Amino acid sequence: MTKTIDLRSDTVTRPGAAMRQAMATAEVGDDVFGDDPTVNRLERTAAELLGKEAAVFVASGTMANLVALMSHTRPGDEIVLGDHSHIFVYEVAGAARIANVMTHTLRNREDGSLNLDEVAGSFRQRGLHTPATSLLCLENTHNRCGGTALPVDEVDALAGVAHQHGARVHLDGARIFNAQVALETPAATIAKSCDTVSFCLSKGLGCPVGSLLCGPADFVMEARRNRKILGGGMRQAGVLAAAGLYALAHNVGRLAEDHANARKLAEGLRSIGPFRTNQPDTNIVMVDLTGGTASTWAPALAEAGVLATTMSETRLRMVANLDVNAGDIDEALKRVARVADRA
Ligand code: TLP
């Protein structure tokens, strides 16, 4: 059987033997009582890496973002965020349904950034007729903008404007370690001007489950209460936290390989068929189809053993990940070329 090359996301990876060994031997306790030593160690490690006072372990990136919104805002507040942000596009309107906030979207530029003047003009003060804008949400790297890594000075400028208007800043850093590697800048520096930052263990870092939400100690206390509301209080979660500690120790530096593989994939695709791609900063390749449609390309590629995600009728996404090596990228390109020859 030929191996299927799964490029749908960096979430599709399976924990390897060493990670499973770390999970199997983890010391555990009841985390709702604060008794799980491995969870406690992961939370301390995450807070240190992100340069924040404290962190809380949650089930997913979506839960981290929702808990952040619940903890930063009051019902009826307004939040400002990009129109391509994961929170706005992919989180099932949790902001509206559960955090009870109104979303004010601003256009994301191609590189995932927001226009500083538009951000500055978007804040409203609580008044007889108006909601308070209490939070700006940023995303780095930016998923729908092709895994772009937003430079630190841009993050700082945007956060500075929010702070001038009395709002706080949450950074969806689901892939902040990809940004760390691409920008050669510590995640703590990237997140420095943001009040809170979340990141995922279950994307490029290769864990089966888990995200961390990091911020000031009093914020994290409130976040623990909100996590409990969502049913996210976990018990012997040390088996999962052990995977996270393993990943933070072993799987961060190697993200450079994913970035190189994404570049190789993008370059190869451009020379093969009716494809235009981004020049990936990190591990995400956006493939714009200049011939045919996603509804014909995606199944044809799957049939040939290359899985991609359909973003729209003219766009596919392919994501380099821990389970795909440079040889697999060469093989994927050969398979795509065979499909393109028949098209
Ligand atoms: N992204 C997933 C899908 O939901 C699209 C993917 O395959 O890329 N923030 C960002 C920037 C994300 O990309 C994701 C997941 C999340 C948050 C949510 O994380 P999970 O899936 O753990 O809830």
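Where does threonine 141 sit? I found threonine 141 in the loop between strand E5 (133-139) and helix H7 (152-164); helices (H or I, at least four residues) and strands (E, at least two) are DSSP runs, numbered from the N terminus.

**Ground rules.** I'm working on a predicted model, so local features need pLDDT of at least 70 and side-chain atom pairs count only at pLDDT 80 or more, while totals for chains, interfaces and linings use all residues. Residues are numbered from 1 along each chain as its sequence is written, and side-chain values use heavy atoms, with hydrogens and water left out.

I looked at the peptide bond between asparagine 140 and threonine 141: it is cis, with omega about 0°. Next I checked alanine 93, which is not a glycine but has a positive phi of about 60°. Alanine 93 belongs to the loop between helix H4 (86-90) and helix H5 (94-97). I noted both because most residues other than glycine have a negative phi, and most peptide bonds are trans.

**Ligand.** For serine 9, a side-chain N or O atom is 2.7 Å from an oxygen atom of the ligand. For asparagine 143, a polar side-chain atom lies 2.8 Å from a ligand oxygen. Arginine 175 also has a polar side-chain atom 2.8 Å from an oxygen atom of the ligand.

**Domains.** I took the bounds from an automatic or database domain assignment: domain 1 is 17-250 and domain 2 is 254-342. Their centres, taken over C-alpha atoms, are 29 Å apart. The contact (heavy atoms within 4.5 Å) takes 17 residues from domain 1 and 14 residues from domain 2.

How much area do domain 1 and domain 2 bury between them? I get about 1200 Å², 55% of it on carbon and sulfur atoms; buried area is the accessible area (1.4 Å probe) that two parts lose on being put together, summed over both. I then ran the salt-bridge rule (a side-chain nitrogen of Lys or Arg within 4 Å of a carboxyl oxygen of Asp or Glu) across the interface of domain 1 and domain 2, and it finds 0. The polar-contact rule finds 5 residue pairs across that interface, both residues at pLDDT 80 or more. A polar contact is a pair of N or O atoms within 3.5 Å; within protein, one must be able to donate a hydrogen and the other to accept it, and residues adjacent in sequence count only if both atoms are side-chain atoms. On the domain 1 side, helix H8 (residues 176-183) gives the largest share, 4 residues.

**Salt bridges overall.** Searching the whole structure, I find 13. I looked up arginine 227 with aspartate 31, whose closest N and O atoms are 3.7 Å apart. The two are 196 residues apart: arginine 227 is in helix H10 (residues 217-229), aspartate 31 in the loop between helix H1 (17-24) and helix H2 (37-50).

**Methionine 311.** I placed methionine 311 in strand E12 (residues 309-312). Leaving aside neighbours within four places in sequence, methionine 311 is in contact with Tyr90, Arg144, Met286, Leu316 and Arg317.
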